[in-house]
Amino acid sequence: MAKKTKKSHDANSARLSVDELRRIFENAGLRLTHQRIMVYNAVVDSKEHPSAETIYEQLKKDIPTISLDTVYRTLSTLDRLGLIKRLQLFDYIRFEPDLSRHHHFICKKCKKIIDFHWPEIDGVSIPETLKSVGEVQDQMVEVRGICKECLAQEGGEK
Ligand SMILES: [Zn+2]
Ligand SMILES: [Zn+2]
């Protein structure tokens, strides 16, 4: 799984075309429906690691027939197909469209996830001891704290 993504480091996730999506879905024996395309685009166009609920709220304006359940199922299908990544954080789940190597700053207060790059960490090799644990497929550093906006708010409250 050491395959490099073709995207440049700074570029945010590039949206796949409908044809590319259809090929990936059909290879997996799945049908690419309009709703699935809409869910995919909504995640990829989002800048903030959306939750299923956020995607649902956004899409139901255009697709009144869409259900939260459909959104959930589509998101897990997209994750399984490797088109987006499912992030389990604390007690909530978010979705990641940017498949290039990056790390996360997570605000403990507003739960915002901010992407950042950390080349020094990317250059560190994985500890030998991990090899006896299993195969590493993905590595990401999670830095937790309070974001600038929340800090400013806290300051204002005093
Ligand atoms: Zn915050
Ligand atoms: Zn991210």
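**A loop residue and its surroundings**

Modeller: We start with His 49, which sits in the loop between α2 and α3. Keep in mind that this is a predicted model.

Colleague: Is His 49 buried or exposed?

Modeller: Count the C-beta atoms around His 49: there are 22 others within 10 Å. The cut-off for burial is 20 or more. So His 49 is buried.

Colleague: What is the phi of His 49?

Modeller: Most residues other than glycine have a negative phi. His 49 is a residue other than glycine, yet its phi is positive. The value is near 45 degrees.

Colleague: Which loop holds Lys 111, and is Lys 111 buried, partly exposed or exposed?

Modeller: Lys 111 also has a positive phi, near 65 degrees. Its loop runs between β3 (103–107) and β4 (113–116). Lys 111 has 15 C-beta neighbours inside 10 Å. That count falls between the limits of 12 and 20, so Lys 111 is partly exposed.

Colleague: Where is His 34, and is His 34 buried or exposed?

Modeller: His 34 belongs to helix α2. Its C-alpha atom is separated by 20 Å from that of Pro 50, 16 residues apart along the chain. Around His 34 there are 10 other C-beta atoms within 10 Å. With a limit of 12 or fewer, His 34 is exposed.

Colleague: Which helices do the buried residues of α3 pack against?

Modeller: The residues in question are Ala 52, Ile 55, Tyr 56 and Leu 59. They have two helices as packing partners: α2 (34–45) and α4 (68–80).

Colleague: At what angle do the axes of α2 and α3 cross?

Modeller: Two packed helices are described by the angle between their axes and the distance between the axes. For α2 and α3, the axes come within 10 Å. The crossing is right-handed. Its angle is roughly 115 degrees.

Colleague: How many nonpolar, polar and charged residues make up the contact of α2 with α3?

Modeller: From α2 come Met 38, Val 39, Ala 42 and Val 43. They meet Ile 55, Gln 58 and Leu 59 of α3. By class, that gives six nonpolar, one polar and no charged residues.

Colleague: Step back to the domains. How far apart are the centres of domain 1 and domain 2?

Modeller: Domain 1 takes in 18–96, and domain 2 takes in 103–157. Five residues of domain 1 are in contact with four of domain 2. On the domain 1 side, these are two nonpolar, one polar and two charged residues. Taken over C-alpha atoms, the domain centres are separated by 23 Å.

Colleague: Last, what share of the protein chain counts as buried?

Modeller: The chain has six helices and five strands. Its C-alpha trace spans about 45 × 45 × 30 Å along the principal axes. Of its 158 residues, the buried share is 14%.

How values were computed
Residues numbered from 1 in each chain as written. Chains lettered and ligands numbered in written order. Predicted model: local features only at pLDDT ≥ 70, side-chain atom pairs only at ≥ 80, totals over all residues. Helix = DSSP H or I, 4+ residues; strand = E, 2+ residues; numbered from the N terminus. Contact = placed C-beta atoms within 7 Å. Domains from an automatic or database assignment. Nonpolar A, V, L, I, M, F, W, Y, C, P; charged D, E, K, R; others polar. Axes fitted to C-alpha atoms, helices over the stretch in contact; angles between N-to-C directions. Left-handed = near helix turned anticlockwise from the far one by under 90°.
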